[in-house]
Amino acid sequence: MVSRPHCLYQKAIKIGYVVASIILFFTVSLPLLCWRPRFHRQKDQLALLAVLTALGYLAFHVIFWEAESRYGQIILPALFLLLAALPAPVTRRQKVTDVKRQKRWPRVTFLISATITIYAIFLQSYSLSTIAVAAQRSQLSVQYHAQATTTSPGTTLEQQVNLPKPANTFSV
Amino acid sequence: MTITLQSLQSAHVWTLTEKADEFILKQPLPAGSYQIVIQNQGLVPQLIDLVQTNNYTLAPFPITINQLQNKNVSLIYFFEWLNMKPS
């Protein structure tokens with residue numbers, strides 16, 4: 001295990017970003033679940049448009065194109081728009097006495113924090129553990145593989161590489 | 001086909017092992033300069049993943065194919081640091 005400062009900084013940023021995204025998703029999905037659209041209101045029309053755009057975009061990538069996490073970033077503006085346009089969640093539970101609501105909140109908070117913790121642990125142990133030191137990739141995306149070149153017998157190929165940092169895995 | 005990695009500082013040579021469709025070396029490598037050498041000593045042509053462009057210079061050092069330099073071609077390589085759990 002190494003703990004270099006830039007490595008910790010990367011980790012902090014990644015975990016912070018994931019936590020912020022999860023909180024954003026929760027805060028958007030709660031009013032969405034309780035949303036009763038009334039389309040004579042302009043705000044609700046706008047919100048519906050944002051929902052349709054986001055869902056259509058995601059469906060396009062999942063069904064027709066390829067899905068990668070970075071493609072999802074573009075629905076962020078739609079989510080912010082939803083946050084602004086959606087009315088505060090109105091549920092029947094609001095009429096229930098305050099005592100009952102107080103009991104519910106610790107559970108919701110626990111669920112949210114548990115999800116965040118699990119994600120943080122997951123990130124910590126998997127995707128964060130790889131650092132590219134030096135690389136030359138193909139011009140094609142990884143899943144399409146590179147075009148192979150034929151080398152005739154007796155050929156020697158040489159290439160020099162400089163490693164700015166130590167590495168422990170090398171593949172060609 | 002053999003692929004070796006040579007440290008230009010210590011002149012140490014490691015031989016890569018074939019795994020699926022790529023050659024892998026799992027070995028702590030200190031920072032510094034290295035030379036990748038691929039030799040096809042067999043009798044049949046072999047396929048190698050190369051990235052090739054018409055006009056763009058790729059990796060910081062050009063590839064040398066049979067003593068012939070070509071700065072628009074590069075091997076596809078990947079040096080990474082994996083945090084392995086102490087076991």
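Me: How many bridges join β3(B) to β4(B)?
Reply: This is a predicted model, in which local features need pLDDT of at least 70, side-chain atom pairs count only at pLDDT 80 or more, and totals for chains, interfaces and linings use all residues. Residues are numbered from 1 along each chain as its sequence is written, while chains are lettered from A and ligands numbered from 1 in the order in which they are written. Strands here are DSSP runs (E, at least two residues), as helices are runs of H or I of at least four residues, numbered from the N terminus, and two strands pair if DSSP finds at least two bridges between them. β3(B) and β4(B) run antiparallel, and the number of bridges joining them is 3.

Me: Which residue in the hairpin of β3(B) and β4(B) takes a positive phi?
Reply: Within this pairing, Thr17(B) has Ile24(B) of β4(B) as its bridge partner. The hairpin has 2 residues between the strands, and the residue with a positive phi, near 55°, is Ala20(B).

Me: In what order do the 5 strands of the open sheet stand?
Reply: The edge strands are β1 (130-136) of chain A and β3 (17-19) of chain B, each of which pairs on one side only. Neighbouring strands are turned by 30° against each other on average, direction ignored, where axes are lines fitted to C-alpha atoms, for helices over the stretch in contact, and angles run from 0 to 180 degrees between N-to-C directions. The pairing is antiparallel, and the order is β1(A)-β10(B)-β4(A)-β4(B)-β3(B).

Me: Which residue of β4(B) stands opposite Thr169(A)?
Reply: Strand β4 (residues 167-171) of chain A is joined by 4 bridges to strand β4 (residues 22-29) of chain B, and the two run antiparallel. Ala167(A) stands opposite Leu29(B), whereas the residue opposite Thr169(A) is Lys26(B).

Me: Which strands stand at the edges of the open sheet of 3 strands?
Reply: This sheet has the order β2(A)-β6(B)-β9(B), with antiparallel pairing. Each edge strand has a single partner, so one side of each is left without a neighbour in the sheet, and these strands are β2 of chain A and β9 (73-75) of chain B.

Me: Which residue in β6(B) is the bridge partner of Thr150(A)?
Reply: β2(A) and strand β6 (residues 46-52) of chain B pair in the antiparallel sense over 4 bridges. In β6(B), the bridge partner of Thr150(A) is Leu47(B).

Me: Which element supplies the largest share of the side of chain A that touches chain B?
Reply: Counting two residues as in contact if their C-beta atoms, placed from the backbone, lie within 7 Å, 39 residues of chain A are in contact with 50 residues of chain B. β1, β2 (148-151), β3 (156-163) and β4 of chain A each supply at least two residues of that side of chain A. The largest share, 8 residues, comes from β3(A).

Me: How are α2(A) and α3(A) oriented to each other?
Reply: The axes of helix α2 (residues 42-64) and helix α3 (residues 76-85) of chain A come within 9 Å and cross at roughly 155°. Angles under 35 degrees count as roughly parallel, over 145 as roughly antiparallel, 65 to 115 as roughly perpendicular and the rest as oblique. α2(A) and α3(A) are therefore roughly antiparallel.
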